[in-house]
Amino acid sequence: MKIDSIISGNTFVIHLFGDVDHYSTEFIKKYIYDNIIPDIKNIVFNLEGVEFMDSSGIGMVLGRYKEMSEKMGTVALVGVKGNMERIYTLSGLYRIIKNYTTIDEALKSIKLRDGVYE
Amino acid sequence: MNKMEIKFDALSQNEAFARLAVSGFLLYKNPGINDMEDIKMAVSEAVTNSIIHAYKDGGTVRIYCEIHENEFMVTVEDYGKGIEDIALARRPLYTSKPHEERSGMGFTIMETFMDSISVSSEKDKGTKIIMYKELK
């Protein structure tokens with residue numbers, strides 16, 4: 001598991017690479033806690049570089065969604081594909097967390113959403 | 001018939017090893033990418049369950065696989081505390097650890113990605129999951 005990130009306004013854009021399983025979600029959570037700043041209220045997970053993700057990944061995304069919701073923010077995904085898409089649908093995650101084709105698209109929709117809330 | 005067996009410590013860093021060991025064993029059958037990914041997903045869920053739920057102070061997970069022509073079978077077994085109510089554990093979105101960010105999707109994923117699955121468990125003896133899939 002490799003992680004890169006950038007901060008764009010009040011959104012934390014996190015690029016994940018490799019396998020997202022129970023072991024690596026602990027690492028991802030720690031990375032977020034170590035690097036997040038108080039202003040951030042949205043997270044975009046870029047999953048284009050993810051080769052494998054199981055239900056532990058769903059749990060981790062849902063956990064971040066709950067935290068961002070408390071700040072009136074949200075979580076968005078980019079690049080959900082293959083079996084990841086099947087568990088994303090199966091778990092009902094897609095109903096609350098949207099998947100976008102590009103990071104720009106995700107950021108644009110978050111900005112629109114912020115406009116409505118602010 | 002071809003078979004393989006591995007035993008490893010119930011530690012989360014061994015989840016990737018478990019997935020890769022099973023998919024590596026299957027490789028000679030040239031399974032489709034979908035079958036391979038489905039099996040990796042199901043094995044990952046079963047192994048993660050054993051690692052998270054079975055033991056308080058560590059233990060062993062055993063994986064046993066058989067291939068008969070195109071029929072693939074994988075058993076994931078632990079010797080831990082067992083599942084008290086299997087029907088409840090298999091219910092979608094149910095988790096016995098609601099504070100640990102578990103999605104409660106493990107069994108649902110195993111059932112969806114494999115052709116069939118049977119679960120047996122005995123208190124303080126352990127849990128055994130047997131899954132089948134026909135390779136296409």
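Visitor: In which strand of chain B is the place of Glu77(B)?
Guide: This is a predicted model. The strand in question covers residues 71-78 of chain B. Glu77(B) therefore lies within that run, and the strand is β3.

Visitor: Is Glu77(B) buried or exposed?
Guide: The relative accessibility of Glu77(B) is 15%. Buried means under 20%. Glu77(B) therefore counts as buried.

Visitor: With which side chain does the side chain of Glu77(B) make a polar contact?
Guide: Leaving out residues up to four places away in sequence, Glu77(B) touches Thr60(B), Val61(B), Arg62(B), Thr127(B) and Lys128(B). A polar contact between side chains, at 2.8 Å, joins Glu77(B) to Arg62(B).

Visitor: What area do chain A and chain B bury between them?
Guide: The contact involves 21 residues of chain A and 24 residues of chain B. Carbon and sulfur atoms carry 54% of the buried area. The total is about 1900 Å².

Visitor: How many salt bridges does the rule find across the interface of chain A and chain B?
Guide: Arg19(B) and Asp19(A) form a salt bridge, with their closest N and O atoms 2.9 Å apart. Across the interface, the number of salt bridges is five.

Visitor: Which element gives the most to the side of chain A that touches chain B?
Guide: On that side, at least two residues each come from α1 (22-35), β3 (42-53), α2 (55-70) and α3 (82-90) of chain A. The top contributor supplies seven residues, and this element is α2(A).

Methods
Residues numbered from 1 in each chain as written. Chains lettered and ligands numbered in written order. Predicted model: local features only at pLDDT ≥ 70, side-chain atom pairs only at ≥ 80, totals over all residues. Heavy atoms only, no water. Contact = heavy atoms within 4.5 Å. Buried area = accessible area lost by both parts, 1.4 Å probe. Salt bridge = Lys/Arg side-chain N within 4 Å of Asp/Glu carboxyl O. Helix = DSSP H or I, 4+ residues; strand = E, 2+ residues; numbered from the N terminus. Buried < 20%, exposed > 50% of the residue type's maximum accessible area, 1.4 Å probe, protein only. Polar contact = N/O pair within 3.5 Å; in protein donor to acceptor, adjacent residues only side chain to side chain.
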